Amino acid sequence: MEILLPKMGESVAEATIIRCLAEEGQRVEADEALIEIATDKVDSEVPAPEDGTLVRWLVAEGDVVQVGQPIAEFQLDGEAAGSPAPAAAPTASSAAPASPAAEVVAAVAAPLASSEAPGRISGDRFYSPLVRSMAAAEGVGQTELDGITGTGLEGRVTKHDMQGFIASRGSAPAAPKPTAPAASRPPVITSGQDQIVEMDRMRKLIAAHMVTSVQTSPHVTSFVEADVTRIVQWRMKNKDEFMRRTGQKLTFTPFFIEAVARALRDFPGVNAQVDGDKIIMRGNINVGMAAATPQGNLIVPVIHNADQLNLVGLAEKVNELAGKARAGKLTADDMAGGTYTVSNVGTFGNVMGTPIINMPQVAILALGAIRKQPAVVEMPEGDVIAIRHRMFLSHSYDHRVVDGQLGGSFVRRVGDYLESFDLDRSIG
């Protein structure tokens, strides 16, 4: 049977082979890790489906492999040839039935067997087999291919991009078309005191994703200042009891996630994603929370169905994901399916920020530091100056699909939910 690269979450189409953990001919047990892979979201391992022997690797370390592509040949225990086969070739009616596992793998692999070889990478850009074949058929050279503006995921060239390029290329005059000078990076001059550090794989992926987001989504940011004194007071009063009753440390993050989830229910146009010229209104509210890895990179584990969790459930999930991020143990499922992202820049003492959208999402919220400030408070007997706990909410959104009214109203609603927190609320 063939082992295929498994699906590792929404929007994950490929993975890089990091390390082969088993040798050809080695016997392995079910669920034993065979290979270590990395995506733009998380590193993970592919386990053996059952007890058996790894016959042959179909990939090598460093290869970029598509989801569903065969990565190894595997023989299940008990599937090896037992008694000698008859001399005559078996007919279809006399052939032994394949094992259920082999039948499933064969059904999935069948359409792949007749497809072309996997796509390749040129520089930092991946080209699918279809794009490669179209380029070869039309005589599009690598330089021309690298110059095509891609509209696919992370700027990849799609079939439609190729068709448009080929059509315009065919109608273009024979004379070379004058082009503007290619943008070049300014030279960097180093001295003996400088240290040159190569970006690791994760940092390169983050950099590419951020550049694509800025180049694709016209970012607009709206700011709201919220008075969170009631939340600060409730937390100070209840955090010890909260820990005693639930076993969970109570940070401010669950309060923020709760307010965001409620606002996303009120403004579903923010809980959306863009697919070409289509807007996908997401049915589930899955809030991603930016977290730092031990290497200092920023990743976004996801709280699925955040609107269905109470404060205790949110605290449990926040603490679980933050702990797994610090330990480097986040899984692909932990990272998949996000519909909106929150980034707590206040953790670093920042009062506000202008976050970059986590595409294909259409918005992201930065939470500033909570600070004590003198503020005007309206009282029945008149306005007074009081010390209040206040913070800035910075909401960046994709102006192609979220206009100022929607983007600004959403972040204002988040602020309203934070400010109206019930001081008499019970734990749980």
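I began with F255 and looked up its accessibility in this predicted model: at 1% relative accessibility, F255 counts as buried.

I then turned to its ring partner, and noted that F252 and F255 form a tilted aromatic pair, with 6.5 Å from centre to centre and 50° between the planes. F252 itself counts as partly exposed, at 22% relative accessibility. F256 is buried, with a relative accessible area of 4%.

Widening the search, I found that ring pairs link W234, F252, F255, F256 and F421 into a cluster, and that the aromatic pairs of the structure come to seven. Over the ring of F252 I also found the charged end of R235, 4.6 Å from the ring centre.

Next I listed the salt bridges, of which the structure holds 17. In one of them R56 joins E73, with the closest N and O atoms 2.9 Å apart; this pair links distant parts of the chain, since R56 is in strand β6 (residues 52-57) and E73 in strand β8 (residues 70-76), 17 residues apart. I noted R56 as partly exposed at 39% relative accessibility, and E73 as partly exposed at 25%.

For the salt bridge of R400 with D398 I recorded 2.7 Å between the closest N and O atoms; here R400 is partly exposed at 39%, whereas D398 is buried at 1%. K278 and D277 also form a salt bridge, at 3.8 Å between the closest N and O atoms, and both residues are exposed.

My last entry is a network of salt bridges that links E225, D227, R388 and R390.

Conventions. Residues numbered from 1 in each chain as written. Predicted model: local features only at pLDDT ≥ 70, side-chain atom pairs only at ≥ 80, totals over all residues. Heavy atoms only, no water. Phe/Tyr/Trp six-rings, centres within 6.5 Å; stacked < 30°, edge-to-face > 60°. Buried < 20%, exposed > 50% of the residue type's maximum accessible area, 1.4 Å probe, protein only. Lys NZ or Arg CZ within 6 Å of the ring centre and 35° of its normal. Salt bridge = Lys/Arg side-chain N within 4 Å of Asp/Glu carboxyl O. Helix = DSSP H or I, 4+ residues; strand = E, 2+ residues; numbered from the N terminus.
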